[in-house]
Amino acid sequence: EHAEVEGGEHGKEEAAKPITMDAKAMAAAGIRVAKLEKTLLNEELRTPGEVVDNAYGTTLITPRVDSLVVRRHAKLGDDLRAGAPLVTLSSVEVAQTQGALLIAEQEWKRMQALGRDAVSGRRYSEAQVAVEQARAAARAYGLPGSAVGRANGEFTLTAPHAGRVTEDAFVVGERIEPGRTLFRLVDESIVWVDAKLPAENAQRVAVGSAADIIHGKIRLTGKVVQRSHRTAEGTRNSLVRIEVVNKDDSLHGGDYVDAYLDAGSSQDTQLAVPTAAVLQLEGDTIVFRQNADNTLEPVSVRTGSIIGNRTVITDGLKVGDVVVIEGAYALKAQILKSKMGEGHGH
């Protein structure tokens, strides 16, 4: 009985006393309060992501015929405009095609000058078909559809769109086979971020929803454009692809970033506080409440889910209570300091 009474007195002695602070002191300590209301909570999922090239803005520059590299006009890292020259090649087959086109165009111009009345219809039609076939052959090799310059076999590959050269694997004088990649040209004005999430979370992210991308001190806004319908067997993760307007050329392929995705709203309104407002004090989970006399008191609470940066409160607080939403750590430190001053080693 003596021990029970003594323990009870000790418990009362240990109970944290409300802290008295006026508005000026609270502001100086960075303490902010807010009235609790039930709201629909939007859950934000944070996951690592990797920047990858936008495949729809990426082109592999390849010759269509066996060629020899004559001159280089662009190099790795160059930022090019559409139509900029990339590399000049030389090919025997191209020389033959250029020659055939040159002769066909000259003959066709002569037929047009003479007119249908001066030559037979068959000869006129043959000249027209010959020039069309020669032009088609030239375009098949990536050449202009008209005779330009001499039939020396040289031709220049140009940039089909604006972009940056991200791959460049050849030397002048090298023999290049058809289909071999000489340049990889990437339009980096729009990039993709591939984020991997547990399959059950990925299904909660809607295509078309907004996403925030954080890279160091850079924050960009993107849009979810694809959600994979396959789950990786090993990790059980699913891919979510985000399209990002690459402002100020901030992101590049291979960069690792943090992606914040909207997982939708909760079904019912809930009572919640910022997660930073929920603390542990002497074994209890507490939130600081401002009483009617403006004192700040730690109140034991029971918590539920953490949704985004907020924690659901299931017991201990009610709608209308005024609680500390910023600066709770300063109040906890003050309580612990006062207890140490009383001689308690807690």
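The chain carries 41 positive and 47 negative side chains, and the centres of these two sets are 8 Å apart. The structure is a predicted model. Its chain contains six helices and 24 strands.

**Overall dimensions**
- The C-alpha trace of the chain spans about 130 × 45 × 40 Å along its principal axes.
- The radius of gyration of the chain is 36 Å, whereas a compact globule of 346 residues would have a value near 20 Å.

**Surface and contacts**
- Of the 346 residues in the chain, 36% are buried.
- The chain exposes about 19,900 Å², and carbon and sulfur atoms supply 49% of this area.
- Among contacts between residues at least 6 apart in sequence, 73% join residues at least 24 apart.

**Aromatic pairs**
- Three aromatic pairs are found in a search of the whole structure.
- One of them joins Trp108 and Tyr124; the ring centres are 5.2 Å apart and the planes lie at 65 degrees, so the pair is edge-to-face.
- Trp108 belongs to helix α3 (residues 92-114) and Tyr124 to helix α4 (residues 121-140), so this pair ties together parts that are 16 residues apart in sequence.
- Trp108 and Tyr124 are both buried.
- Phe170 and Phe183 also form an edge-to-face aromatic pair, with 5.2 Å from centre to centre and 80 degrees between the planes.
- Phe170 lies in the loop between β10 (163-168) and β11 (175-176), and Phe183 lies in strand β12 (residues 183-186), so the pair ties together parts that are 13 residues apart in sequence.
- Phe170 counts as buried because its relative accessibility is 6%, and Phe183 is buried with a relative accessible area of 1%.

Key:
Residues numbered from 1 in each chain as written. Predicted model: local features only at pLDDT ≥ 70, side-chain atom pairs only at ≥ 80, totals over all residues. Heavy atoms only, no water. Helix = DSSP H or I, 4+ residues; strand = E, 2+ residues; numbered from the N terminus. Rg over C-alpha atoms; globule rule 2.2 N^0.38 Å. Buried < 20%, exposed > 50% of the residue type's maximum accessible area, 1.4 Å probe, protein only. Contact = heavy atoms within 4.5 Å. Areas by Shrake-Rupley, 256 points an atom, 1.4 Å probe, with all protein chains shown as cover. Lys, Arg positive; Asp, Glu negative; His and termini not counted. Charge placed at Lys NZ, Arg CZ, Asp CG, Glu CD. Phe/Tyr/Trp six-rings, centres within 6.5 Å; stacked < 30°, edge-to-face > 60°.
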